[in-house]
Amino acid sequence: MSIDESDIPALARGCAVLGTGGGGDVRTGSLAAVGAVREHGEVPLIGLDELDDDALIVPLSGIGAPTVSHEMIHSADEPKRIAEEIERLFGRPPSAIMSSEIGGSNGVAPVAWAARLGLPLLDADGMGRAFPEVQMVSMYVAGLPADLVIMSDIVGNVVTIRPVDGLWSERLARAVCVAAGSSALMADYVLTTVRARGAVIEGTVTRAIEIGRATEGAADPLGALQGSLGAVRLITGKLTDVERRTTGGFVRGTATIEGTGDDRGRRLTLELQNENLVALEDGRVRAMVPDLITVVDTETAAAVQTEGLRYGQRVTVLAWPCDPLWRTPKGLETAGPRAFGYDLDYVPVEELTAHG
Amino acid sequence: MADLRIGIDVGGTNTDAVVLDADGRVIAKAKRPTTPDVTEGLRAALDAVLTELGEGHARIGRVMLGTTHATNAILERRNLGRVAVLRLGAPATTSVPPLSGWPGDLRAAVSAGEAVVPGGHYVDGREIGPPGLDAVRRFLDGLEADAVAVTSVFSPASGDHERVVEELIKAEYGLPVSVSHEIGSLGLLERENATVLNAALYGVAAHVTEALVTALAERGLGAKPYLAQNDGTLMTLEHAARLPVSTIGSGPANSLRGAAYLSGVADAIVVDVGGTSTDLGVLAGGFPRESAAAVEIGGVLTNFRMPDILAIALGGGTVVRNPGIGPDSVGYRIVEEALVFGGSTVTMTDAAVAAGRTPDGAAGWRERIEAAVRAHGSGDMSERMADTLQRAVAIADGMVIDAVDRMALGKTDRPLVAVGGGAFLLPDAVPGASRVVRPEHAEVANAVGAAIALASGRVDTILPAGDSRSKAIERAKEEAAARAVAAGADPSGVEIVDLLEVPLSYLSEPAVRVHVKAAGPLAR
């Protein structure tokens, strides 16, 4: 299978849903992907089994401040510089590109990066959703050493970091990013096929396209999306309050949804930090990170980003299970509720919502 | 003594004109159908108010025009100029070239060519590189264009590269130039799109201003002309010639400002009921609340500030059926088709009149409705007809209540100001609004809004959040005030009417995005 121009709108819609409110706006990434595919041709989408054992896979993501990425858009040359550096370091060129994060803009833009490099895109990613920090990837949870980070900026600077662990990779990469004008392209981890097995979340690009396609032209977009995700509907209602505050470089906030129709009389509150992290009803947790919680427009089933939450919107909140990798002790330590400052023991969304 | 002013609003269905005296009272008003070429409707409305005014043409000092010319030109891809699209930022931004995502036909109509050349700034004000003046020359040499649109990375905070390139193009190529920092805020692609549309509208703007100037000269009026813009303020013709894209969206802004003026209420929800649709907006301090979302025009995303408007498919001409209403409308054919005019289509006007909601000067409407219901058959049939009308009013009220709630953002203490030709459709009490205000001359609120508008200027930039913040904000305020004066405001009357600070995330040093708007009455 390969990705052509006609797949990109569905991929973008699916990535927005998997962004769980964060991961950045998919619009600019979609424009870049459409332009690159028109110029360089469609991008083959491959599985791990189609690569030689020692083939190099490059997980890529854009890193930076949203305000900057809306203004100082990526240079077309950034992926090339990273690929050249990898060839210099490993003595052979990369064989495939992978999205580090399928949720939001970093799920769509890899199509452009792969097209420009003439490489296939691996049908996998490192999160299965969106998370705000560099170490919150499946490769870290799987215990792969985060000993190599390569970054490329808009003017052509290339920075190679040899961090001692994943936490240092986040700290140093963030510092380089700021020096580069708060925008860079980053390869964290360079994987061989052997190492990638069990350390990446497979099938997520196909899944994002399927999720996007499910709602396309559906008579009941919300029902179609819920079915495609296997999601629980936490509430359908109206946004009645959105409160935001900036702490520690992130925008945190709370959104309140009052039930309408069958849900009249109920009230759900969402805790946000870029992404939707915890859903509460009457003080009871209904879903929590790393499970996925997405707010969608009730009529169109289009995902609503946390920045786009506004009073009066008619929305439905969906929640569904994360990849099993995140439910392991290391997974929960990396991206469970406590990693985001919530004093909560993780309980899977299936159990929290089993009795309505 | 030049103490009178005329406000004209060219809407989709009607062109309205009013004359205001020195005390701001409406002393003449007229409604005429909007014509396809717009100019004829404008002349007809102008002549109608002048006739009603009688003597005193010499006393008319100013004429303010709100028009949909620019919007229509973009929607219909008509009379647009060919624009050379120039972006300063390379090697940044090259992953998404200019005009990406534009509808093919609009791009074909507008673009004379596109280039991304060196230049632009980082978020902290450093140069990405010096502006590539030779690359600019290589791009423009031999290119046939009517105008150039120049967009530089982070120009709302650092506009000097755009200015340098503008000077070069004017001096060496003699072409008019649109520079993005005068047009939009942060968000490169949206600002660039607005800048390209602006450059494409230069010819349209010249046509409108010429039509207005000619119409005034033909009638021997020595009045000074102004154009209304999308934030409810005015600009001189010179300013409008440079920023024609700012006239887009002036209609809703005028009706909001007119509603505030006629009702004397500065904080309110305004509901403007027309023939086919109803627009809701919010007044904050007498000005329209602006939309936070990007605005799409003709299939192109832009980021200039527009009034936050919620439009619903409900108007005087909305067709009533059993069950339900609309979304279709008989529009301007209402005077032939509605029951109250002796026609055979049941409209929202008929339903409202049956419910006892009648506009001024609607003699005999109630009787005609009752006759129509009786003629619809006796007994059951007639009852069903009455039932349908009643249900239509309930549905319409439900739509208005729902829309008011959305616009009010949970606040229920603001009054609702009802304006527009179909304002009589609205109930006398709406949950979510403290009371319903029906000002005099509400049917021409938009023309009144044009007549009373102020001149304004705005600045949108990124500033450090540390010690230098307050000084930097003072400088931004001064710049906004200077821009208001450039737009025609009296320097002694300019005030800061809006100041917004938004903290930014993921940056090394704390920074805030600052938006300042200044406005003041026109200089004498």
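**Entry 1. Terms and model**

I note at the start that helices are DSSP runs of H or I with at least four residues, numbered from the N terminus. I also record that the structure is a predicted model.

**Entry 2. Cavities**

I turned to empty space inside the protein. Rolling a probe the size of a water molecule over the atoms shows where empty space is left. I looked up the cavities of 30 Å³ or more, and the count came to four. For the largest cavity I noted a volume of about 70 Å³.

Which residues line the largest cavity? I listed B:Thr67, B:His69, B:Ala70, B:Val204, B:Ala205, B:Val208, B:Leu227, B:Pro244 and B:Thr247.

H7(B) gives the most to the lining of the largest cavity, with three residues.

**Entry 3. The interface of chain B and chain A**

I moved on to where the chains meet. The size of an interface is often given as the accessible area lost when the parts come together. For chain B and chain A I recorded a buried area of about 3100 Å² between them, with 58% of it on carbon and sulfur atoms. I found 37 residues from chain B and 36 residues from chain A in the contact.

How many salt bridges cross the interface of chain B and chain A? I noted five. I also looked up the salt bridge that A:Arg314 forms with B:Asp402, where the closest N and O atoms are 2.4 Å apart.

**Entry 4. Salt bridges in the whole structure**

I examined the salt bridge of A:Asp7 with A:Arg213, in which the closest N and O atoms are 2.6 Å apart. I saw that A:Asp7 lies in the loop between strand E1 (2-3) and helix H1 (8-18) of chain A, while A:Arg213 is in helix H9 (residues 204-215) of chain A, so this pair ties together parts that are 206 residues apart in sequence.

**Entry 5. Backbone details**

The bond that joins B:Ala90 and B:Pro91 is cis, with omega about 5°. I placed B:Pro91 in the loop between strand E5 (83-90) and helix H3 (104-110) of chain B. The bond from B:Gly326 to B:Pro327 is also cis, with omega near 5°. I placed B:Pro327 in strand E18 (residues 325-329) of chain B.

In chain A I noted that A:Asp282 is not a glycine, yet has a positive phi of about 50°. A:Asp282 is in the loop between strand E14 (275-281) and strand E15 (284-288) of chain A.

**Entry 6. Annotated domains**

I consulted UniProt, where an unreviewed entry lists residues 7-161 of chain A as "domain: S-Me-THD N-terminal". I noted 39% helix and 19% strand over residues 7-161 of chain A, with the end C-alpha atoms 35 Å apart.

For chain B, an unreviewed UniProt entry gives the annotation "domain: Hydantoinase/oxoprolinase N-terminal" to residues 5-172. I recorded 30% helix and 30% strand for residues 5-172 of chain B, and the end C-alpha atoms lie 42 Å apart.

Terms used. Residues are numbered from 1 along each chain as its sequence is written. Chains are lettered from A and ligands numbered from 1 in the order in which they are written. This is a predicted model: local features need pLDDT of at least 70, side-chain atom pairs count only at pLDDT 80 or more; totals for chains, interfaces and linings use all residues. Side-chain values use heavy atoms; hydrogens and water are left out. On a 1 Å grid over the protein atoms alone, a cavity is a set of points where a 1.4 Å probe fits but cannot get out, and a pocket is an open set with protein on both sides within 12 Å along at least five of seven lines; lining residues have an atom within 4 Å of a point. Grid points are joined across faces, edges and corners, and a volume is the space filled by probe spheres set on the points. Helices (H or I, at least four residues) and strands (E, at least two) are DSSP runs, numbered from the N terminus. UniProt positions are given in the numbering used here, feature names are shortened, and annotations may be inferred rather than shown by experiment. Contact means heavy atoms within 4.5 Å. Buried area is the accessible area (1.4 Å probe) that two parts lose on being put together, summed over both. A salt bridge is a side-chain nitrogen of Lys or Arg within 4 Å of a carboxyl oxygen of Asp or Glu.
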